[in-house]
Amino acid sequence: MLDKINNLLSQISSCSIKGHEDLEAFRLKFLSKKGLIPDLFDDFRNVPAAEKKDIGQKLNLLKQKALEKYNALKTELHSAQDTLHINDLTRPAYPWFLGSRHPISIIRNEIIGIFERIGFTISEGPEIEDDDHVFTNLNFAPEHPARDMQDTFYISRISAEDSSPEDILLRTQTSSVQVRVMEHQKPPIRTISPGRVFRNEAISARAHCIFHQVEGLYIDENVSFADLKQTLLFFAREMYGKKTEIRLRPSYFPFTEPSGEMDVSCTICSGKGCNVCKYTGWLEVLGCGMVHPAVLEACNIDSRKYTGFAFGMGIERPAMLKYQVNDLRLYFENDIRFLEQFKTAF
Ligand code: DAH
């Protein structure tokens, strides 16, 4: 028995193979149910009791060596094949998987594309801003509730009691980019500013502390409310379909006067009434108005010579409508199973 074991051990250690057939032959010869090693285990029954311990150990060692050799040969074979593949220039290329864009980026690009076609440029500003650009220069009174800690994430505050133009914060609206553009550029100005904004809100299916907006600004001589309306109508029809109707409702923003909010006829029921538009037939999509003279003056633009309009809209809501996503949080979790579903050409 010992001779047989030693013989097999040396056979196994000197074994080499050329391909899959040899590997399988090795398995069949030594390890399979009817192979040499299980045979020896069968014979083990007849070994005298005194030798059982010694021979049993050797047998186990033999089995272990055979398994190790089998695995080593298998690995060797695979790596040899990998090398072969790499050197084979006729081998078909590996498939090239294209990623997909985030749904928020798709809608943002769509909005940008529409305004670019009518001559708007794109401008961006910092997400970490000062109070001056987010509030003061946009005509927010010092005690305006939007500056409150409950809405705004402050990074540093000059005083715990009062807000100051030097306070550093995460911007709550992309309207701050208006101020930056007007500070550095003279009219005519026609620009849109997409970006991320932050508000201290509890996270739920319908609200998040991070979201996205696109801001629009048009400043020139003789810009009127009619220009604003026409621009927004053009946008609404490009974005939501040729048959889309708009309506403007009076509203209030500190940086525009007069201010309005624009609704579009419901994209789901075309204005007939459904649960998405809460049976009103209308969906609220943006805020807008004529730029307040105080804002122009704060940015050193002569408000007697120039007028302009501004508008701002969220990106998440149209994205939710378009893709029928009913939980905002999905946009921020980066779950690949969600993101993979959005395919686009741009
Ligand atoms: N900044 C406003 C908001 O976050 C949206 C807005 C309303 C922007 C009116 C504008 C505007 O430019 O004219 O709610």
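This is a predicted model: local features need pLDDT of at least 70, side-chain atom pairs count only at pLDDT 80 or more; totals for chains, interfaces and linings use all residues.
View 1. Residues are numbered from 1 along each chain as its sequence is written, and side-chain values use heavy atoms, with hydrogens and water left out.

**View 2. The protein chain from end to end, with its 12 helices and 10 strands.** Helices (H or I, at least four residues) and strands (E, at least two) are DSSP runs, numbered from the N terminus. The C-alpha atoms fill a box of roughly 110 × 50 × 45 Å along the principal axes. The radius of gyration is 36 Å, while a compact globule of 346 residues would come in near 20 Å; the value is taken over C-alpha atoms, and the globule rule is 2.2 Å times the number of residues to the power 0.38.

View 3. Of the 346 residues, 42% are buried (under 20% relative accessible area; exposed is over 50%, partly exposed in between, with a 1.4 Å probe and protein chains only). Take the contacts (heavy atoms within 4.5 Å) with a separation of 6 or more: 66% of them link residues 24 or more positions apart.

**View 4. A cis peptide bond from Pro-187 to Pro-188.** Omega sits near 5° here. Pro-188 belongs to the loop between helix 7 (175-184) and strand 5 (189-198).

**View 5. A cis peptide bond from Glu-257 to Pro-258.** This one has omega near -5°. Pro-258 is part of strand 8, which runs over residues 256-265.

**View 6. Lys-278 and Tyr-279, in the loop between strand 8 and strand 9.** Strand 9 covers 282-291. Neither residue is glycine, yet phi is positive in each: near 50° for Lys-278 and near 60° for Tyr-279. Lys-278 is exposed, with 68% relative accessible area. Tyr-279 also counts as exposed, at 62% relative accessibility.
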